[in-house]
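User: I would like to learn how to read the features of a structure model, one at a time. Please give the general idea first and then the case at hand.

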Amino acid sequence: MPWFKRAEKGIHTPTEQKKETPDGLWYKCPDCKTVTSMAEHRKNLSTCVKCDFHDRIGSKEYFAILFDDNKFTELDENLTSGDPLNFVDSKPYPQRIAATQKATGLKDAVRSAYGKINGQNITIACMDFAFIGGSMGSVVGEKIARAIDHARKTRTPFMMISKSGGARMMEAGFSLMQMAKTSAKLALLSEEGLPYVSLLTDPTTGGVTASYAMLGDFNIAEPGALIGFAGPRVIKETIGKDLPKGFQSAEFVLEHGFLDFIVDRKQLKQKLTDLLSMIVSEEAFAKPKAKATKVSKAS
Ligand SMILES: [Zn+2]
């Protein structure tokens, strides 16, 4: 005789009494398939509790992780994109911008802010992949350039958190100009003796890798992040050879000398604080470095 016997037959629960699990309550790791509650996943800074897979997060989350008590002042909050080329693909560019702004609550693919990290002043610009693939258009370039200017003016270290598919095709040549503009501003930052830390997160590709993301005094990355210029398929077709295992992963890029170190998101704030405290002396930030003496023109 079975230990469990259904006493009543034909039990029906009316639809309104059925209990439903709300969406977004659970998180399933795409790597090891472990299921955890969303609350636990967020508490673990959106990294897998079992295999440490780093889930993609945006500027809101990075600012909350880095700035003390999530307190910061945002720069150029309302800068939005124009349509210099009257670009139309499946829909006109201004419509695409408006729809993305509505869906994401973001104004463009980067946000910049200043505040304190463990008591140390810092200016941070962080990209959002949710906004047209974190593509770099004029607004992204301009906001980064202005954030660098802010770091120079206030003599604070600058940090860039990159997450991008590359240049924004709807702005074509105007996107490409952002590479030169941001690189030139970073050169000024460097000349003035201010440190620049570049954090590359999944994915950092295209024109972003080819400009500001790789120009850090320290180029650091999150574990497992895809870092490259062209995608693996394009490279494979070009060279006509199979690519090595783990090609373009942060670990591969580190091994080949393009990164300084890989940092777990849960240790990011402390590592950054340690790094800055090592390279930042009070004196260096008190006054601008003396300008190099100009060499007089040879007669
Ligand atoms: Zn996992």
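User: Is Cys 29 buried, exposed or partly exposed?

Analyst: A residue is buried if 20 or more other C-beta atoms lie within 10 Å of its own, exposed if 12 or fewer, and partly exposed in between, with C-beta atoms placed from the backbone. Cys 29 is partly exposed because 18 other C-beta atoms lie within 10 Å. This is a predicted model, in which local features need pLDDT of at least 70, side-chain atom pairs count only at pLDDT 80 or more, and totals for chains, interfaces and linings use all residues. Numbering starts from 1 along each chain as its sequence is written.

User: Where is Cys 29 found, and which residues does Cys 29 touch beyond those up to four places away in sequence?

Analyst: Helices (H or I, at least four residues) and strands (E, at least two) are DSSP runs, numbered from the N terminus. Cys 29 sits in the loop between strand S1 (26-28) and strand S2 (35-37). Two residues are in contact if their C-beta atoms, placed from the backbone, lie within 7 Å. Not counting residues up to four places away in sequence, Cys 29 touches Thr 34, Cys 48, Lys 50, Cys 51 and Phe 53.

User: What does UniProt place at Cys 29, Cys 32, Cys 48 and Cys 51?

Analyst: UniProt positions are given in the numbering used here, feature names are shortened, and annotations may be inferred rather than shown by experiment. The unreviewed UniProt entry has the feature "binding site" at Cys 29, Cys 32, Cys 48 and Cys 51. They are spread over 23 residues of sequence but cluster in space, with a largest C-alpha distance of 8.6 Å. The unreviewed entry also annotates residues 29-51 as "zinc finger region: C4-type". The end C-alpha atoms of that span lie 9 Å apart, and the span is 26% helix and 13% strand.

User: Is Cys 51 buried or exposed?

Analyst: Cys 51 is exposed, because 12 other C-beta atoms lie within 10 Å. Cys 51 lies in the loop between helix H1 (38-43) and H2.

User: For contrast, is Leu 66 buried or exposed?

Analyst: Leu 66, in helix H2 (residues 59-66), is buried, with 24 other C-beta atoms within 10 Å. Leaving aside neighbours within four places in sequence, Leu 66 is in contact with Ile 117, Ile 124 and Lys 269. Leu 66 and Leu 272 are 206 residues apart in sequence, yet 9.1 Å apart in space, C-alpha to C-alpha.

User: How do the axes of H4 and H5 cross?

Analyst: Axes are lines fitted to C-alpha atoms, for helices over the stretch in contact, and angles run from 0 to 180 degrees between N-to-C directions. Angles under 35 degrees count as roughly parallel, over 145 as roughly antiparallel, 65 to 115 as roughly perpendicular and the rest as oblique. The axes of helix H4 (residues 138-154) and helix H5 (residues 172-191) come within 8 Å and cross at roughly 10 degrees. H4 is therefore roughly parallel to H5.

User: Which domains does the assignment give?

Analyst: Domain bounds come from an automatic or database domain assignment. Here the protein chain has domain 1 (26-55) and domain 2 (57-286), with centres 24 Å apart, taken over C-alpha atoms. Seven residues of domain 1 are in contact with ten residues of domain 2.

User: What are the totals for the protein chain?

Analyst: The secondary structure comes to ten helices and nine strands. Of the 299 residues, 34% count as buried.
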